[in-house]
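Hello,

Here is the structure I promised to pass on to you. Have a look at it first, and then read my notes below.

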Amino acid sequence: MRLYDYPGSGNAYKIRLLFAQLEIAYERVEVEIFRGESRTAEFLRKNPSGQVPAVELDDGRCLGQSNAILWYFAQGTALLPDEPFSRAQVLQWLFFEQSDIEPNVGSARFWILTGRARDREPELARRLDLARGALASMDQVLAARPYFVGERYSIADIALYAYAHRAPDAGLALGPNVRAWVARVEGQPRFVSGPEPYSAAAKV
Ligand SMILES: N[C@@H](CCC(=O)N[C@@H](CS)C(=O)NCC(=O)O)C(=O)O
């Protein structure tokens, strides 16, 4: 099985963390997204979104979208509950991550760390405001429980951790409950850190 990866991507890091924790073996194929390698005709056949992460199974089937990949591999493991309501709660947080965290925390951080912020000041300010609201709601939820779905660490935590723990890179503060949760995630068995720094090609 292959993982199409870019080391600086938080979305791809989710999958590296999942595979480490589930001890899933894979071949890591690095895609230099800033040189157009995810937009070739060959890559678009693997993931029509033209983005990493994508996985290619041993039978040739390909799957894109980080949270769909998390869901696929977590089925039948301790990282995805069996009980229907808990599963729906995992989905609730996976969707929240894609709608409220990744486009705001992730994009703001990307623009700031790669020199893109200066051309986007009003939009950056808007995303930072939205990021503050999303991080505040995470903090509120974590005041009442250790993980996003009840008492158990799950793929909801993996998805949210990927960008939320790097929010300080964008000048965003983490609340006390989010900081305590970050430490709990980092204390999980077989935890690996990420994402890695952006490559030189990412910088403008
Ligand atoms: N919703 C997608 C987002 C994936 C995404 O934005 N990937 C970025 C890296 S973090 C990428 O490959 N960008 C290259 C491009 O769009 O050409 C997911 O969760 O997998």
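Predicted model: local features only at pLDDT ≥ 70, side-chain atom pairs only at ≥ 80, totals over all residues.

**Two helices side by side**

Helices α1 and α3 are roughly parallel to each other. Their axes cross at roughly 10° and come within 9 Å.

Which residues make the contact between α1 and α3? From α1 they are N11, K14, I15, L18, F19 and L22, and from α3 they are S66, N67, I69, L70, F73 and A74. By type, the residues of this contact divide into eight nonpolar, three polar and one charged.

Strands of a sheet pair through backbone hydrogen bonds, either parallel or antiparallel. In this model, four strands form an open sheet with mixed pairing, and their order is β2-β1-β3-β4. The edges are held by β2 (27–30) and β4 (62–64), each with a single partner strand, so one side of each is left without a neighbour in the sheet. From one strand to the next, the twist averages 20°.

Helix α1 lies across β1 (2–5), β2 and β3, and runs at about 145° to β1. Helix α3 (residues 66–74) lies across β3 and β4, running at about 125° to β4.

**The largest pocket**

Rolling a probe the size of a water molecule over the atoms shows where empty space is left. The largest pocket found here has a volume of about 540 Å³. Its lining is made of 24 residues, and those nearest the centre are N11, I33, Q51, V52 and E102.

Two elements give two or more residues to the lining, namely α1 (10–22) and α4 (84–113). The largest share comes from α4, with five residues. What kinds of residue line this pocket? They divide into 14 polar, eight nonpolar and two charged.

**Backbone details to check**

Most residues other than glycine have a negative phi, and most peptide bonds are trans.

- The peptide bond from V52 to P53 is cis, with omega near 0°. P53 sits in the loop between α2 (41–46) and β3, and V52 is among the residues nearest the centre of the largest pocket.
- The peptide bond from G194 to P195 is also cis, with omega near -10°. P195 belongs to the segment after α7 (176–186).
- E23 is not a glycine, yet its phi is positive, at about 55°. You will find E23 in the loop between α1 and β2.

Where does its side of the model meet other parts of the chain? Leaving aside neighbours within four places in sequence, W71 is in contact with L80, R87, V90, L91, L94 and I155. Of these, L91 is 20 residues away from W71 in sequence, and the two are 8.9 Å apart in space, C-alpha to C-alpha.

The next stop is F110, in helix α4. With neighbours within four places in sequence left aside, F110 is in contact with F34, R116 and Y198. F110 and K203 are 93 residues apart in sequence, while their C-alpha atoms are 9.5 Å apart in space.

Best wishes

Conventions: Residues numbered from 1 in each chain as written. Heavy atoms only, no water. 1 Å grid on protein atoms, 1.4 Å probe; cavity = no way out; pocket = protein on both sides within 12 Å on 5 of 7 lines; lining within 4 Å. Points joined across faces, edges and corners; volume = space filled by probe spheres on them. Nonpolar A, V, L, I, M, F, W, Y, C, P; charged D, E, K, R; others polar. Pairing = 2+ DSSP bridges. Axes fitted to C-alpha atoms, helices over the stretch in contact; angles between N-to-C directions. Contact = heavy atoms within 4.5 Å. Parallel < 35°, antiparallel > 145°, perpendicular 65-115°, else oblique.
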